[in-house]
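Hi everyone, thanks for coming. Could you bring up the sequence and the model on your screens, so that we can walk through them together?

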Amino acid sequence: MQVVETHPFRVTRDADTEIQELEAADLLESMEESVRQRRFGSVVRVTLNDDMPNHIREILIENLEVDRNDVYTLSGALGLSSLMQLYGVDRHDLKDPPFIPVMPPH
């Protein structure tokens, strides 16, 4: 296959879990299983860029089985709140030198 075009989007799923404490023999095991099942939860929101073509939007809506009212469009990049994680990468050659303020001489 050949990649013809790419478009970023974000899927938010329902993460509600119900744990029956009385029936759970091992609470840790029950929690681990509920975390594994979160990726199969129902889709509650799809966020995408406003430059995504309509035919791609229709494919997403159909395949994710999401209501059109739960599709949100944004202009600009998605997930900028996660951008600062890149700063934690140990590549000092890619970073600007730290700014050290000094008082100017009189």
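**A walk around the strands**

Let's start at Val89, which counts as partly exposed because its relative accessibility is 40%; buried means under 20% relative accessible area, exposed over 50%, and partly exposed in between, with a 1.4 Å probe and protein chains only. Please keep in mind that this is a predicted model, where local features need pLDDT of at least 70 and side-chain atom pairs count only at pLDDT 80 or more, while totals for chains, interfaces and linings use all residues. Residues are numbered from 1 along each chain as its sequence is written, and side-chain values use heavy atoms, with hydrogens and water left out.

Val89 sits in the segment after strand S3, residues 71–74. Helices (H or I, at least four residues) and strands (E, at least two) are DSSP runs, numbered from the N terminus.

Next, please find strand S2, residues 43–49. Five of its seven residues are buried, so S2 is largely enclosed by the rest of the structure. One of the residues of S2 is Asn49, buried at a relative accessible area of 12%.

What does S2 pair with? Strand S1, residues 9–13, runs antiparallel to S2 over five bridges, and Phe9 has Leu48 as its bridge partner. S3 runs parallel to S2, joined by four bridges, with Val46 opposite Val71. Two strands pair if DSSP finds at least two bridges between them.

Finally, how many salt bridges does the structure hold? There are two, a salt bridge being a side-chain nitrogen of Lys or Arg within 4 Å of a carboxyl oxygen of Asp or Glu. In one, the side chains of Arg68 and Glu58 meet at 2.8 Å, N to O. Arg68 is in the loop between H2 and S3 and Glu58 is in helix H2, so this pair ties together parts ten residues apart in sequence. In the other, Asp93 meets Arg91 at 2.7 Å, N to O; Asp93 is exposed at 57% relative accessible area.
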